[in-house]
Amino acid sequence: MADQTYDYDVLIIGSGPGGYVAAIRAAQLGLRTACVESRETLGGTCLNVGCIPSKAMLHASEYFDAAANGTMAKLGIKVTPELDLPTMHGQRLDAVKQLTGGIAFLFKKNKVTWLKGRGAFVDAHTVQIGEQTVTAKDVVIATGSSVTTLPGVTVDNDKQIVVDSTGALELRKVPGHMVVIGGGVIGLELGSVWRRLGAKVTCVEYLDQILPGFDGEIRKESQKMFKKQGIDFKLSTKVTGVAVNGETATVTIEPAAGGAAETIEADCVLVSIGRRPNTDGLALDKAGLSVNARGQIDTDHRFQTRVPGVWAIGDVIPGPMLAHKAEDEGIAVAENIAGLTGIVNHDVIPLVVYTWPEIAGIGLTEEAAAAKGEIKVGKFPMAGNSRAKTNHDPDGFVKIIADAKSDRVLGVWAIAVPAGTMIAEAGLAMEMGATSEDIAYTCHAHPTHSEAIKEAAMAVRGKAIHV
């Protein structure tokens, strides 16, 4: 039964993947639901300036590159590509418009009230949005994250010289030389977009390898792959300054362990060193909350904070900052508020880099699994996969890590053109507690890229056929 003491049963602050999903699910469960959002469109960073527009640019740039680098010619398709960057940006904006508009439609369909503005706590059950104050029995904080700044480096997206991930999507021309600060997912994806469109790209990473958190073998192979595609890397290197001089920038770097400094001249510098939780301006103290050392809001396994009636999900709580993690948490928190049992298995959250080919993983890395006990590892190269061969995409491999005694799958990692889609099979298998043998004896359609997962599973016990 709805509690008429409050304006709403549930109030969600933020309409990103976690927030909008939580709002829709709560409304489906019969709760009077409102969602606070200050943007002109719903969907948060992901739909407006993150996951969705970047994929639109990645997809378009792949077509251009295939035409420009001779890939199409090898297939008997002779074309001379001409880059129309405004049209490429236009299809990106159209995708964003359609998807954000779709969420607005779903809000209306499910009777979710959109409260436009920024929300701040008055107390644990009261939130102020501009001049309006509303109350709710339960409040969900789903405010997402923002790009992390680099000390001493000023980002100015309007000038298009020193930009963050948002600015890198809006470049009006292909830079002659782009320097990407940070060898993580976002930097590699956006750097690869502009590399395919003709830019020289140099990636500066503080660590000794790219893609922190990924399987070690995957990290090494990925770097080789990107280097072959024309991206230069300066690893174990820190950026000590970026100076803008007219239409260009000078990036000063030095070894991470200390040493002589050097400079790199760039037409565009992309600062991509991570993201930080959006908690500023929420007046968390008025709700009785504070943040931990990482700036996150701690919750229990049900996503409830230490204050009864106040919940938090997505990028503002510990865990990987991923849209799909936030979505699952959005469903779970709504169900928990409604008195059901909402659960998210944080051990089975896929990671995907949407480069060409894609890079994906789920579960434990080989290093982490080996630290826990005896394991068996099966690998299969995409060069031995018939579909990859016919599509002329032989780069990469699939790796399956299993417990040596129980054979239970502990982790799956892949580099393959559709690795992001392929990894879903691994996630389902792990969620169901499958063994490598379960996957190995499951019939996979031929010819498909997913057969590489089957073969990697067979390889765990030395039974792979096509290698």
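User: Which residue just after helix 14 takes a positive phi?

Analyst: This is a predicted model, in which local features need pLDDT of at least 70, side-chain atom pairs count only at pLDDT 80 or more, and totals for chains, interfaces and linings use all residues. Residues are numbered from 1 along each chain as its sequence is written, and side-chain values use heavy atoms, with hydrogens and water left out. Helices (H or I, at least four residues) and strands (E, at least two) are DSSP runs, numbered from the N terminus. The residue in question is Gly-462, with a phi of about 70 degrees.

User: How many residues of helix 14 are buried, and what do the buried residues pack against?

Analyst: Buried means under 20% relative accessible area, exposed over 50%, and partly exposed in between (1.4 Å probe, protein chains only). In helix 14 (residues 451–460), nine of the 10 residues are buried, among them Glu-451, Glu-455 and Met-458. Contact means heavy atoms within 4.5 Å. The buried residues of helix 14 pack against strand 20 (375–381), strand 21 (397–403), helix 11 (386–390), helix 12 (419–431) and helix 13 (436–440).

User: At what angle do the axes of helix 1 and helix 5 cross?

Analyst: Axes are lines fitted to C-alpha atoms, for helices over the stretch in contact, and angles run from 0 to 180 degrees between N-to-C directions. Angles under 35 degrees count as roughly parallel, over 145 as roughly antiparallel, 65 to 115 as roughly perpendicular and the rest as oblique. The axes of helix 1 (residues 17–28) and helix 5 (residues 85–109) cross at roughly 25 degrees and come within 10 Å. The two helices are therefore roughly parallel to each other. Tyr-20, Ala-23 and Ile-24 of helix 1 meet Ile-103, Leu-106 and Phe-107 of helix 5.

User: How far apart are the axes of helix 3 and helix 5?

Analyst: The axes of helix 3 (residues 51–68) and helix 5 are 9 Å apart, and the helices pack at an angle of about 140 degrees. That angle makes helix 3 oblique to helix 5. The contact includes Ile-52 and Ala-56 of helix 3 and Arg-92 and Leu-99 of helix 5.

User: Which residues of strand 2 lie on each side?

Analyst: In a regular strand the side chains alternate between the two faces of the sheet. In strand 2 (residues 33–37), five of the five residues are buried: Thr-33, Cys-35 and Glu-37 on one side, and Ala-34 and Val-36 on the other. Two strands pair if DSSP finds at least two bridges between them. Four bridges join strand 1 (residues 8–13) to strand 2, and the two run parallel. Ile-12 stands opposite Cys-35.
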